[in-house]
Amino acid sequence: MGDWTPTEPGFDAAFARTDDPMLAMCKGELPAVVLRGAYDATQCPPLLRRFTDMGLMRDAEGLLRGEQVSKDARTRIDIGTSLGNRGGDKERFLQHAEATHHLFRFLFDGYDNPVDTIYDALARLSVGKTVKTAEEPDGRRYGPAIFRVHYEGHTYKPHIDHVQLREGRVDYAVHRYQHQFAGVLCFQNDARVGTGTEATLHDCLWTPEIQPHIAAGTFPDYAAANDVDNCRVALEVGDLYFFNTRLIHEVPAVKQEQARIVLAVFIGYDPDMDEVFVWS
Ligand SMILES: O=C(O)CCC(=O)C(=O)O
Ligand SMILES: [Fe+2]
């Protein structure tokens, strides 16, 4: 125990730990690669104001100013196309993804494109490989990335993300990838100052034997009884991290102060394949 920690602050630290950070994450040996200040933090607040003005997300601050209380009680709002939530209807999913591509063509006008920030960073880590938005054999693309706006109380209980292992999908091209990662870029913390609610990664790759503990909500007991190591990922606005989503991971309840907002992608990766697929 002890050295199961993410690398930070940048690419040099990742490649100083291992000459193949993606492979080390595939194996679960490296929990995460953290890239501090990957995106210019000063561009996040004005972009988020634009999203609110466009009606893409709810203005949690309005409550504090005594404005009309929203009837929208969702604790998570997506700007983008989630395969996990929409993949049940493939045609609709792909149409929705096309609309997201259209939206993202102008959504960031005047600012740096944060989706490019994630793809470029992933390309630097995936040495010798091509990084592109996931597509079906006929060329239809998945969503490129997704903003997830998490309001007070939103919690990700211990879980994994895997198209095949968790969602059981075999009718999408991304199912061929053995390894799935996430990339998460912090746009707004729930704490106004410093780091906010932090994700925890457990030193435990999912297996069918673990599943009963996930399903029953008893993973914390299992982890304690088996001395499962873990690490926390503290993010400030502009920080980006990548991790293997087959690691059991969780994010505790978001604070009341303000929404926790991230730009996230999922990544299909195989050491033996030249193409890295990215979707949301
Ligand atoms: O928001 C985060 O930091 C992680 C969320 C998560 O569970 C994921 O992206 O797979
Ligand atoms: Fe997750």
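Predicted model: local features only at pLDDT ≥ 70, side-chain atom pairs only at ≥ 80, totals over all residues.
Local features are given only at pLDDT of at least 70 and side-chain atom pairs count only at pLDDT 80 or more, while totals for chains, interfaces and linings use all residues. Residues are numbered from 1 along each chain as its sequence is written, and chains are lettered from A and ligands numbered from 1 in the order in which they are written.

## Overall fold

The chain holds nine helices and twelve strands; these are DSSP runs numbered from the N terminus, with helices being H or I of at least four residues and strands being E of at least two. A compact globule of 280 residues would have a radius of gyration near 19 Å, and the value of 18 Å for the chain agrees with this. That radius is taken over C-alpha atoms, and the globule rule is 2.2 Å times the number of residues to the power 0.38. Along the principal axes, the C-alpha atoms fill a box of roughly 50 × 45 × 40 Å.

Of the 280 residues, 37% count as buried. A residue is buried if 20 or more other C-beta atoms lie within 10 Å of its own, exposed if 12 or fewer do, and partly exposed in between, with C-beta atoms placed from the backbone. Contacts (C-beta atoms, placed from the backbone, within 7 Å) can also be sorted by sequence separation. Among contacts between residues at least 6 apart in sequence, 81% join residues at least 24 apart.

## Nonpolar core

A nonpolar core is a set of buried Ala, Val, Leu, Ile, Met, Phe, Trp, Tyr and Cys residues joined through C-beta atoms within 7 Å. In soluble globular proteins, nonpolar side chains tend to be buried together. The largest core here has 68 residues, of which Ile118, Leu185 and Tyr241 touch the most other members. Strand 11 supplies the largest share of this core, seven residues.

Ile118 is one of the buried residues of helix 7, which also include Pro114, Val115, Thr117, Tyr119, Ala121, Leu122 and Leu125. Helix 7 (residues 114-125) has twelve residues and should span 16 Å at 1.5 Å a residue; its end C-alpha atoms are 17 Å apart, which agrees. The expected span is 1.5 Å times one less than the number of residues.

Beyond its neighbours within four places in sequence, Tyr241 is in contact with Pro6, Ala32, Val33, Val34, Leu35, Val184, Val233 and Leu235.

## Ligand 1

The shell around ligand 1 consists of Tyr156, Asp161, Ala182, Val184, Ala199, Thr245, His249, Val251, Val262 and Ala264. Strand 6 (179-188), strand 10 (247-251) and strand 11 (260-269) are the elements that each give two or more residues to this shell. A residue belongs to the shell if its C-beta atom, placed from the backbone, lies within 6 Å of the ligand. By class, the shell has seven nonpolar residues, two polar and one charged. Here Ala, Val, Leu, Ile, Met, Phe, Trp, Tyr, Cys and Pro count as nonpolar, Asp, Glu, Lys and Arg as charged, and the others, Gly among them, as polar.

## The segment before helix 1

Pro6 lies in the segment before helix 1 and is buried, with 21 other C-beta atoms within 10 Å. Residues up to four places away aside, Pro6 touches Pro31, Ala32, Val33, Val34, Cys231, Val233 and Tyr241.

Pro9 has its place in the segment before helix 1 (11-17), and the peptide bond from Glu8 to Pro9 is cis, with omega near 10 degrees. Most residues other than glycine have a negative phi, and most peptide bonds are trans.

Gly10 also lies before helix 1. Gly10 is partly exposed, with 17 other C-beta atoms within 10 Å, and touches Leu35 and Arg36, not counting residues up to four places away in sequence.

The table lists C-alpha separations for three pairs.

| Pair | Separation in sequence | C-alpha distance |
|---|---|---|
| Pro6 and Ala32 | 26 residues | 4.5 Å |
| Gly10 and Val33 | 23 residues | 8.0 Å |
| Gly28 and Val163 | 135 residues | 18 Å |

## Loop and helix positions

Gly28 lies in the loop between helix 2 (21-26) and strand 1 (32-35). Gly28 counts as partly exposed, with 16 C-beta neighbours inside 10 Å. Neighbours within four places aside, Gly28 is in contact with Leu205, Asn244 and Leu247.

Thr52 is found in helix 3 (residues 44-53) and is partly exposed, with 15 other C-beta atoms within 10 Å.

Asp227 lies in the loop between helix 9 (219-225) and strand 8 (230-233). Asp227 is not a glycine, yet has a positive phi of about 50 degrees. With 8 C-beta neighbours inside 10 Å, Asp227 counts as exposed.

Notes. Contact = placed C-beta atoms within 7 Å.
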